[in-house]
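Here is a quick briefing for anyone opening this structure for the first time. Take a look at it, then read on.

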Protein chains: 2
Amino acid sequence: MSLRDEAAELDALDPLAGKRAEFDLDPELSYLDGNSLGAPPRGVATRMAAVVSEQWGRRLIRSWDEGWWDAPERIGDRIAPLAGAGPGQVVVGDSTTVNLFKAVVAAARLNPGRPEILLDAGTFPTDGYIAESAARLTGHTVRRVPVAEMASAAGSRTALALVNHVDYVTGALHDLPGITAALHSAGALAVWDLCHSVGAVPVRLDAAGVDLAVGCTYKFLNGGPGSPAFLYVARKWLPSFDQPLTGWAGHADPFGMTPEYSGRTGISRGRTGTPDILSMLALDAALDVWGDVTIEQVRAKGLALGDFFLKCVDALVPGARVVTPRDHGRGNQISLAWPDAKTAMATLIERGVIGDFRPPEVLRFGLAALYVRYGDVLRAVEELRALR
Amino acid sequence: MSLRDEAAELDALDPLAGKRAEFDLDPELSYLDGNSLGAPPRGVATRMAAVVSEQWGRRLIRSWDEGWWDAPERIGDRIAPLAGAGPGQVVVGDSTTVNLFKAVVAAARLNPGRPEILLDAGTFPTDGYIAESAARLTGHTVRRVPVAEMASAAGSRTALALVNHVDYVTGALHDLPGITAALHSAGALAVWDLCHSVGAVPVRLDAAGVDLAVGCTYKFLNGGPGSPAFLYVARKWLPSFDQPLTGWAGHADPFGMTPEYSGRTGISRGRTGTPDILSMLALDAALDVWGDVTIEQVRAKGLALGDFFLKCVDALVPGARVVTPRDHGRGNQISLAWPDAKTAMATLIERGVIGDFRPPEVLRFGLAALYVRYGDVLRAVEELRALR
């Protein structure tokens with residue numbers, strides 16, 4: 001069977017094929033950048049129009065009591081099942097960067113007397129910048145450790161480790177339960193960055209006993225460009241969770257306007273300032289696409305898309321260097337080391353295949369299972385062949 | 001002339017009367033809560049639809065290079081004239097709370113060796129919570145001082161003072177140039193919170209030599225519920241501005257993905273994580289209403305609305321306790337101490353007059369000059385009379 005026939009058959013048999021119609025996506029594009037910016041679910045435009053014209057326009061300030069004020073916790077509880085979290089442990093708001101700052105400072109405070117923060121050496125840069133900035137304020141030092149050595153690196157000096165669940169360059173999936181257990185054995189807390197795993201890979205925060213986590217909603221959750229991030233705090237830490245961005249929206253009595261800060265009970269103390277409602281409710285609408293699918297279905301298709309991608313690479317661009325694990329120890333992207341990758345990606349994009357470029361010379365292709373077709377994968381590799 | 005005739009005449013002669021048509025506002029309402037949530041400019045709904053369907057939906061990730069990435073600085077420069085700031089000193093993003101944290105920590109670092117932060121004793125709570133949290137991390141102490149005593153309270157131990165330009169309860173307008181000069185005489189930095197002044201009162205940050213400032217865009221700038229806040233850093237401090245939320249979007253080479261943080265030149269180093277584009281561009285559209293008006297016109301009408309409010313109070317609810325300065329030493333709200341104010345406001349809202357309540361027993365009425373009519377003011381006070 002030709003690759004073209006195989007792609008057509010895989011698309012015809014795909015149990016998630018119908019989900020693509022729920023996205024407003026140019027049919028002429030092979031869009032393989034959902035690991036950077038998810039495509040817009042159709043429901044978002046409708047919801048935005050209603051929020052602006054009806055809620056803001058007609059109900060005005062009254063809308064704060066009609067669903068706006070509690071949106072961060074309510075939407076957090078919608079994301080929670082995708083992260084393996086029970087209710088009341090996830091809150092939405094602020095950027096990933098800002099939530100990382102809350103999480104690192106809070107984790108350092110939860111585990112006093114230990115002067116060191118371990119950092120995933122291949123981390124997305126912002127995690128490292130924030131770990132260093134938090135450490136400067138709390139008096140900790142940051143030590144960068146390859147993830148493979150994280151379990152053995154943790155010791156009696158380690159307050160916490162900040163680790164990415166999926167490496168943003170290679171797409172490697174890290175062993176969240178195993179590393180978490182090893183950190184706990186050393187008395188350290190585990191803080192996970194789920195940006196490249198949530199919505200692509202089953203995440204089981206509660207089961208693994210993860211302490212704190214942050215995640216992004218504009219990649220595989222399709223919340224829109226720069227949509228609000230989320231923060232997870234394990235139930236056992238909620239009473240003592242002590243984060244530095246003590247805004248009025250996280251106060252026990254936000255409208256009491258008292259001069260002393262007292263954090264609200266539960267995950268609400270992860271809130272900071274007035275929630276950004278337009279973006280928050282765009283995300284809320286975007287999450288509707290998860291109503292009739294499971295993360296296991298999405299994972300299965302994501303892996304199958306990746307396997308087909310690799311098969312196409314081997315057939316059409318043999319010898320190309322695949323930097324993503326070929327076994328299933330990966331998230332939901334395939335990355336290739338490619339000569340002059342930046343120029344190569346610009347050419348692919350001109351030809352309607354959208355992935356992205358990351359230094360030093362890596363082409364990334366995201367495989368968002370809710371809307372990527374096997375035909376999109378084949379087309380991408382065909383265009384790669386044309387570059388040679 | 002009856003108050004009703006006077007209101008009609010004032011509305012007929014109002015040079016800004018035509019601006020109201022640019023807002024999507026229920027004609028049946030007397031909406032006097034623009035100091036809490038500005039009304040939606042009509043252009044916002046149209047712009048949101050285009051951003052979601054065209055920019056996000058059609059251009060996808062390419063939109064980052066087509067106006068998204070630079071939106072925080074570009075929109076900052078649109079706000080700058082309303083704050084009396086030259087270009088390149090204002091950046092939009094994050095909440096007011098988060099920007100306060102950046103500003104307080106950065107100001108403390110800019111003025112080392114001084115252990116004390118002075119805080120406006122009547123401050124909006126979040127300013128105090130953040131000042132305390134920042135002080136806990138930087139080793140400073142916070143001392144609360146009435147604004148009237150701020151100039152004399154600053155001394156050789158004072159690193160900075162955080163002061164509100166307009167008091168959120170009373171509406172009193174504080175002496176920004178005078179207090180700033182007094183702080184500077186003591187060697188302290190001046191950090192101003194403009195939430196209740198920007199878009200209502202001329203603010204002259206550069207002329208007054210203010211060091212740092214933050215402001216809100218969802219009140220008199222009509223950016224939408226929880227829309228992104230802004231941060232001002234005086235030009236002379238830009239090279240040494242050292243803020244703690246060191247995210248990738250503020251990095252000198254954000255797409256270089258280097259492990260060490262190095263802040264970008266200029267105001268961009270006030271950025272943190274990925275900018276929240278839907279809310280950012282809603283604000284951008286909302287700012288279009290300022291194209292053909294000056295802040296001086298808005299100020300003149302705001303004061304005239306307030307004067308008429310006070311005249312109606314004296315005529316219709318004589319003896320009511322006005323807590324806002326009757327002279328023009330006020331921002332753009334009138335506040336009344338009123339028995340059982342919370343219940344009273346609920347009744348007013350049922351009757352179509354929307355203001356708000358703040359503890360202990362204060363009714364607030366905001367007078368957003370771009371859409372509030374003199375008739376709205378009279379109606380509010382008539383409904384107050386009916387409560388007696």
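Let's start with one pair: the side chains of Glu383(B) and Arg351(B) form a salt bridge, 3.6 Å from N to O. The two come from distant parts of the chain, 32 residues apart, with Glu383(B) in helix α12 (residues 374-387) of chain B and Arg351(B) in the loop between α11 (341-350) and β11 (353-354) of chain B. Keep in mind that this is a predicted model, where local features need pLDDT of at least 70, side-chain atom pairs count only at pLDDT 80 or more, and totals for chains, interfaces and linings use all residues. Residues are numbered from 1 along each chain as its sequence is written, chains are lettered from A in the order in which they are written, and side-chain values use heavy atoms, with hydrogens and water left out.

**More on salt bridges**

- The term salt bridge stands for a side-chain nitrogen of Lys or Arg within 4 Å of a carboxyl oxygen of Asp or Glu, and over all chains the count comes to 54.
- Arg351(B) is partly exposed, at 37% relative accessible area; buried means under 20%, exposed over 50%, and partly exposed in between (1.4 Å probe, protein chains only).
- Arg47(B) and Asp284(B) also meet through their side chains in a salt bridge, at 2.6 Å from N to O.
- Arg47(B) sits in helix α2 (residues 42-59) of chain B and Asp284(B) in helix α9 (residues 277-286) of chain B, so this pair ties together parts that are 237 residues apart in sequence.
- Of these two, Arg47(B) is partly exposed at 24% relative accessibility, while Asp284(B) is buried at 2%.
- Over in chain A, Arg143(A) and Glu116(A) make a salt bridge of 2.9 Å, N to O.
- Arg143(A) belongs to strand β4 (residues 141-145) of chain A and Glu116(A) to strand β3 (residues 116-120) of chain A, so the pair ties together parts 27 residues apart in sequence.
- Arg143(A) is partly exposed at 35%, whereas Glu116(A) is buried at 8%.

**Strand β13 of chain A**

- Helices (H or I, at least four residues) and strands (E, at least two) are DSSP runs, numbered from the N terminus.
- Five of the five residues of strand β13 (residues 362-366) of chain A are buried, so the rest of the structure largely encloses it.
- Val362(A), Arg364(A) and Gly366(A) point one way from β13(A), and Leu363(A) and Phe365(A) point the other way.
- Strands pair if DSSP finds at least two bridges between them; strand β10 (residues 333-337) of chain A runs antiparallel to β13(A), joined by five bridges.
- Ala337(A) stands opposite Val362(A) in that strand, β13(A).
- Strand β12 (residues 356-358) of chain A pairs with β13(A) too, antiparallel and over three bridges, with Asp356(A) opposite Arg364(A).
- A hairpin of three residues links β12(A) to β13(A).

**The whole chain and its copy**

- Chain A has 12 helices and 13 strands.
- Its 388 residues are 66% buried, and the C-alpha atoms of chain A fill a box of roughly 70 × 55 × 35 Å along the principal axes.
- Chain B superposes on chain A by a rotation of 180° with 0.0 Å of shift along its axis (RMSD 0.0 Å), fitted by least squares on the C-alpha atoms of residues with pLDDT of at least 70 in both.
- That is how a two-fold axis relates copies.
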